[in-house]
Amino acid sequence: MNSQTGNPWRRANCPVCGADRPAFLTHDWQTVAGRRYTFDLVRCQICGMVYINPRLNREAVTGTGGGGAWHDALQVNRPIYEAGCRRLKAILRAPGTPALLDIGCAYGDFPSVASEHGFSVTGLEIDQQVAAAARARGFMVYDEPLEHLSLPGESFDVITLWDVIEHLNDPKSLLRAALCLLRPGGLLSFHSGNAAFQVTKGRILGVLRPGKGPYNAPFQHVSHFSPGTARRLLCEVGDFDHLEFDHLEFGHLDTLRYQSRPKYLAMKTYNKATRWLNRAGLPLWTTSLVAFARKAG
Ligand SMILES: [Zn+2]
């Protein structure tokens with residue numbers, strides 16, 4: 001209907017609980033395909049999920065991708081990838097060379113780090129040019145959506161999504177498909193921005209740079225998870241498929257190694273301080289969030 005009327009906006013229910021009870025939080029702005037748009041960041045009044053509503057219909061905005069595979073990101077992301085691999089191995093406790101599927105592997109940066117840590121890595125990247133670049137680094141890379149692939153069930157020990165889930169209109173569908181591919185005892189992990197930090201950042205930047213944006217890339221980043229909403233998302237997906245997790249963990253891994261050293265040191269100090277406050281019982285205010293869910297064996 002939207003494409004017929006020329007309306008590029010599409011209302012979205014809460015991506016976690018499915019309710020249509022949004023409460024406005026703040027505005028964000030972004031120029032997409034040469035046009036300036038104003039976005040509403042909202043919080044679901046039922047489950048607390050923070051998301052963009054309405055959303056800019058990606059099919060109606062021609063000439064744009066929904067994501068942003070990023071060249072030369074390995075040095076910036078390496079501390080997080082390294083910490084992630086160490087934590088995956090600690091929770092998985094699998095002997096040998098665990099089979100890992102990295103969904104949204106972009107140019108193969110995480111696969112290269114995971115290979116160094118002893119994982120046997122397969123990638124999935126739906127941008128075919130980017131997938132070809134990752135393949136050229138020596139990895140097996142699928143270049144179709146997971147739902148279109150006929151992969152055998154329970155064939156992976158680990159499935160990872162690094163900074164992917166915030167881009168998805170329907171994260172539940174992808175997680176359900178991913179969990180089918182995970183063997184009993186296997187680990188699903190996703191990394192994303194942390195809602196508490198992102199909302200605060202948007203509000204502060206809205207005061208410092210009113211009307212400018214983008215504060216949180218609202219065209220691409222349509223969902224902002226917290227430990228609570230990430231837990232609810234995983235539990236809803238698990239309940240739907242009658243599967244259980246015997247380990248659920250939500251936390252923070254490390255800080256991006258920003259090219260600006262003062263910015264890197266400031267954010268690292270901030271994350272350390274907020275992790276300490278979290279251990280003392282306060283909510284998690286770190287810049288990013290990681291979730292680990294182990295499928296019961
Ligand atoms: Zn909700």
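**Exercise 1. The pairing of β2 and β3**

Task: In this predicted model, determine how many bridges join β2 to β3 and in which sense the two strands run.

Solution. Step 1: β2 and β3 are joined by 10 bridges, and they run antiparallel. Step 2: One of the residue pairs that can be located is T31, whose bridge partner in β3 is R36. Step 3: The hairpin formed by β2 and β3 has 2 residues between the strands, and A33 adopts a positive phi near 50° there. Step 4: A33 is a residue other than glycine, and its phi is positive. Step 5: With a relative accessibility of 54%, A33 counts as exposed, because the cut-off for that class is over 50%.

**Exercise 2. The sheet around these strands**

Task: State the order of the strands in the open sheet of 4 strands, and identify which strands stand at the edges.

Solution. Step 1: The order is β2-β3-β4-β11, and the pairing is antiparallel. Step 2: β2 (22-32) and β11 (223-224) each have a single partner strand, so one side of each lacks a neighbour in the sheet; these two strands stand at the edges. Step 3: Helix α6, covering residues 195-208, packs on the sheet and touches β2, β3, β4 and β11. The direction of helix α6 makes about 65° with that of β2. Step 4: Within the sheet, β3 (residues 35-44) pairs with β4 (residues 50-52) over 3 antiparallel bridges. R43 has V50 of β4 as its bridge partner. Step 5: The hairpin of β3 and β4 has 5 residues between the strands, and G48 shows a positive phi near 90°.

**Exercise 3. The zinc site**

Task: Identify which protein atoms are donors of the zinc ion, and explain why the arrangement is tetrahedral.

Solution. Step 1: The SG atoms of C14, C17, C44 and C47 are the protein donors, at 2.3 to 2.4 Å from the zinc ion. Step 2: The 4 donor atoms subtend angles of 98 to 117° around the zinc ion. The arrangement is therefore tetrahedral, as all angles must lie between 85 and 135 degrees for this class. For comparison, the ideal angle for four tetrahedral donors is 109.5 degrees. Step 3: Along the sequence, the spacing of the donor residues is C-x2-C-x26-C-x2-C. Step 4: C14 lies in the loop between β1 (9-10) and β2, whereas C44 belongs to strand β3; the pair, 30 residues apart, links distant parts of the chain. Step 5: C14 and C44 are both buried.

**Exercise 4. Aromatic pairs of Y81**

Task: Classify the ring pair of Y81 and F110, and then the pair of Y81 and W162.

Solution. Step 1: The structure holds 8 aromatic pairs. Step 2: The ring centres of Y81 and F110 are 5.3 Å apart and the planes stand at 70°, so this pair is edge-to-face. Step 3: Y81 is in helix α2 (residues 74-92) and F110 in helix α3 (residues 109-116), so their pair ties together parts that are 29 residues apart in sequence. Step 4: Both Y81 and F110 are buried. Step 5: For Y81 and W162 the centres lie 5.1 Å apart and the planes make 75°, so this pair is also edge-to-face. Step 6: W162 is in strand β9 (residues 156-162), so its pair with Y81 in helix α2 ties together parts 81 residues apart in sequence. W162 is buried, as is Y81.

Methods: Residues are numbered from 1 along each chain as its sequence is written. This is a predicted model: local features need pLDDT of at least 70, side-chain atom pairs count only at pLDDT 80 or more; totals for chains, interfaces and linings use all residues. Side-chain values use heavy atoms; hydrogens and water are left out. Two strands pair if DSSP finds at least two bridges between them. Contact means heavy atoms within 4.5 Å. Axes are lines fitted to C-alpha atoms, for helices over the stretch in contact, and angles run from 0 to 180 degrees between N-to-C directions. Donors are N, O and S atoms within 2.8 Å of the metal (3.2 Å for Na, K and Ca); water is not among the atoms, so sites may look incomplete. Four donors count as tetrahedral if all angles lie between 85 and 135 degrees; four count as square planar and six as octahedral if opposite donors are over 155 degrees apart and all others between 65 and 115; anything else is irregular. Buried means under 20% relative accessible area, exposed over 50%, partly exposed in between (1.4 Å probe, protein chains only). Rings of Phe, Tyr and Trp (its six-membered ring) pair if their centres lie within 6.5 Å; planes under 30 degrees apart count as stacked, over 60 as edge-to-face and the rest as tilted.
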